Amino acid sequence: MWLGEKYMWDSNLVERALFMATKAHMGQMLKYPEDIPYSAHFTGVLLNVLNYCNDEDLDWNLVCCCAILHDTIEDTYITFDNINYVMLKFKQVKF
């Protein structure tokens, strides 16, 4: 998948990160605004990163996955080793 001419990433890998973060944060809601699933936060972070980063040389697979998973270790039962295992099993991306 690509956005514009300079941002390229593996949509299957990013989808895996979205699934993992969404499942881990299941039932969590934003504090403000209320009654919005927490997944809106990390999706917004991903969109901000894509909007404001202009470096074509970045590893966009890593950037997208980090934007999505940035709160997962802190806020859920998922560990760093869990993320590495899932991402390495799916694609050769090491965090």
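1. A definition to start with: a crossing of two helices is left-handed if the near helix is turned anticlockwise from the far one by less than a right angle, and right-handed if clockwise. With that in hand, the crossing of α2 and α3 can be called right-handed. Please keep in mind that this is a predicted model.

2. The chain holds five helices and two strands, and from the N terminus on the order of elements is β-β-α-α-α-α-α. Of its 95 residues, 34% are buried. If you look at contacts between residues at least 6 apart in sequence, 60% of them join residues at least 24 apart.

3. Back to the helix pair. Two packed helices are described by the angle between their axes and the distance between the axes. For α2 (residues 39–52) and α3 (residues 60–69), the angle is about 145 degrees and the axes lie 7 Å apart. On the α2 side, F42, V45, L46, V49 and L50 make the contact, and they meet W60, V63, C64, A67 and I68 of α3. By class, this contact has ten nonpolar residues, with no polar and no charged ones.

4. Helix α1 is worth a look too. It covers residues 11–24, 14 residues in total, and spans 20 Å from first C-alpha to last, close to the 20 Å expected at 1.5 Å a residue.

5. Which residues of α1 are buried? They are L13, V14, A17, M20, A21 and A24. These residues sit on the same side of α1 because they cover an arc of only 125 degrees around the axis. The face turned away from that buried side carries E15 and F19, both exposed.

Note on methods. Residues are numbered from 1 along each chain as its sequence is written. This is a predicted model: local features need pLDDT of at least 70, side-chain atom pairs count only at pLDDT 80 or more; totals for chains, interfaces and linings use all residues. Side-chain values use heavy atoms; hydrogens and water are left out. Axes are lines fitted to C-alpha atoms, for helices over the stretch in contact, and angles run from 0 to 180 degrees between N-to-C directions. Helices (H or I, at least four residues) and strands (E, at least two) are DSSP runs, numbered from the N terminus. Contact means heavy atoms within 4.5 Å. Ala, Val, Leu, Ile, Met, Phe, Trp, Tyr, Cys and Pro count as nonpolar, Asp, Glu, Lys and Arg as charged, and the others, Gly among them, as polar. The expected span of a helix is 1.5 Å times one less than its number of residues. Buried means under 20% relative accessible area, exposed over 50%, partly exposed in between (1.4 Å probe, protein chains only). The arc is that of the directions from the helix axis to the C-beta atoms.
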